[in-house]
Amino acid sequence: LEPGSEAHWTNYLFTQVFTDADGPSLYRENRAWGAAVENRVGPVVRPRPRDTDPERPLRLAYYMPELDTHVTPRFVAPMVSEHDHEGFSLAIYGDRTDGGPRPAALSHPKVRWVDTRGLDAAAAAARLRDDDIDVLVHPCTFKARYRTVLAHRAAPLQIAGVNVIATTGLTATDAFIGDSVVTPGDESALFTETLIRLPVFNTYRIPPDAPAVTVLPAMRNELVRFGSFNNPTKISPRVLRVWADVLGRVSGSRLLLKHRAFDDTGVREAMRARFAAAGGDPARLEFAGFTATARDYLEAYGDVDIALDPMPFSGGTTSYEAIWMGVPVLTVTGATLLARQTTSLMRAVGHPEFALSDPADYAPRAAALAADLDTLATTRASLREAARTSIFDAAAYMRAFETAIRDLWRAECRRDFA
């Protein structure tokens, strides 16, 4: 009814990743949006680099709108901290809907802050061009309305990555950061961008003031407790059927669902009813709601033995945090980028046995893992250190990230500008 509405497109494209839409379908829908935006914006001239020296220090900007409404800073903060500040002159172009200051986690003495409050996409892109930005990194394209700045060609080289859901759908986006799991080699046709595959697709801030990893709860509780701290929107009827099967196979087990939505009695009762309809025993569901501090939130993992990943929208921040607290995440490798996030993480920390290729294996594998408490205890005790040297190793991630950017820049300097 209103095909030009940015808000409708944003909501539509985002909700697609909660469904069973496959890679080609997500590409078609995101490309349809991208084509419509590019048609509306009209022809734009790709800025020529002010200096085509391929080895000079680069002016690199992160575009991060609405910083107070999403979790992107948790991914970008360690990147900013570990950047090569000699090879890259960094700036963050961003704003907050509440008018507040730049998040403290993104503050750095060598990073310039440019407040884009009140600027639409065209004006923000013009500001970036006026500032002679060489490389624009857009780390929060998961909502379509954030991506529009790319269509206005804000910089000679434009890169999407970090907090993403699929292709940006824009021909003006030059590169997309993934890895061999979330963006495998046979899927280049599903992206308008050139795929850049790093050892891992992103990194994450080590949770400050995180409590110590506890001993395996099952050792003291005499029962196995599964858990999911994901948004309940991800918990579809299919997921509930699988999780009901899990509990049915593990005698006395419980499933802890934690999310602020579960502070509402109606939401809890609706979930119990849905779980019963899926064949589960609602008495074996446990709920936890909002936690005032990050430390209290993470402490809740002290009662969880195995985290259960939803399908097809697998965990992002929740998987990182579960792993940091020593809790392995059982997941199914799906058909899209967001259905493979946790698989990438569990493989990176050395536990591919938690990443399944077939949903039919989910409940049997969960039961087998729950039956081997000694192995679970060993995994729990070693998982944080394995994560520290892989998915939380921001220094290693940034060396790979910067190498990729430099290679892209060298290619940009060789481009025919006629």
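Visitor: Which elements are included in what covers the buried residues of α5?
Guide: This is a predicted model, in which local features need pLDDT of at least 70 and side-chain atom pairs count only at pLDDT 80 or more, while totals for chains, interfaces and linings use all residues. Residues are numbered from 1 along each chain as its sequence is written, and side-chain values use heavy atoms, with hydrogens and water left out. Helices (H or I, at least four residues) and strands (E, at least two) are DSSP runs numbered from the N terminus, and contact means heavy atoms within 4.5 Å. The cover over the buried residues of α5 includes α1 (6–16), α2 (23–41), β1 (58–64), α4 (121–130), β4 (135–138) and β5 (157–160).

Visitor: How many of the eight residues of helix α5 are buried?
Guide: A residue is called buried under 20% relative accessible area, exposed over 50% and partly exposed in between, with a 1.4 Å probe and protein chains only. In α5 (residues 144–151), the buried residues are Ala144, Tyr146, Arg147, Thr148, Val149, Leu150 and Ala151. The helix is mostly covered, and the number of buried residues is seven.

Visitor: Over the ring of which residue does the charged end of Arg147 sit?
Guide: A charge sits over a ring if NZ of Lys or CZ of Arg is within 6 Å of the ring centre and within 35 degrees of the ring normal. Lys234 lies over the face of Phe313 in this way, at 4.1 Å from the ring centre. For Arg147, the charged end is 5.2 Å from the centre of the ring of Trp33.

Visitor: How many aromatic pairs are there?
Guide: Rings of Phe, Tyr and Trp (its six-membered ring) pair if their centres lie within 6.5 Å, and planes under 30 degrees apart count as stacked, over 60 as edge-to-face and the rest as tilted. Counted by this rule, the aromatic pairs come to 18. One of them joins Phe14 and Phe18 edge-to-face, with 5.4 Å centre to centre and 90° between the planes.

Visitor: How many residues apart in sequence are the parts that Phe75 and Tyr204 tie together?
Guide: Phe75 and Tyr204 form an edge-to-face pair, 5.1 Å centre to centre with 65° between the planes. Phe75 lies in helix α3 (residues 72–82) and Tyr204 in the loop between β7 (194–198) and α6 (217–221), so the parts that the pair ties together are apart in sequence by 129 residues.

Visitor: Is Asn202 buried or exposed?
Guide: Asn202 is found in the loop between β7 and α6. Leaving aside its neighbours within four places in sequence, Asn202 is in contact with Phe75, Val162, Tyr320, Ile391 and Tyr397. Its relative accessible area is 2%, and Asn202 is therefore buried.

Visitor: What is the radius of gyration of the protein chain?
Guide: The protein chain has 14 helices and 13 strands. The radius of gyration is taken over C-alpha atoms, and the globule rule is 2.2 Å times the number of residues to the power 0.38. For 418 residues that rule gives 22 Å, and the chain is close to this value, so it is as compact as a globular protein of that length, with a radius of gyration of 22 Å.

Visitor: What share of the 418 residues in the protein chain do buried residues make up?
Guide: The C-alpha atoms of the chain fill a box of roughly 70 × 50 × 45 Å, taken along the principal axes. Within the protein chain, the share of buried residues is 56%.
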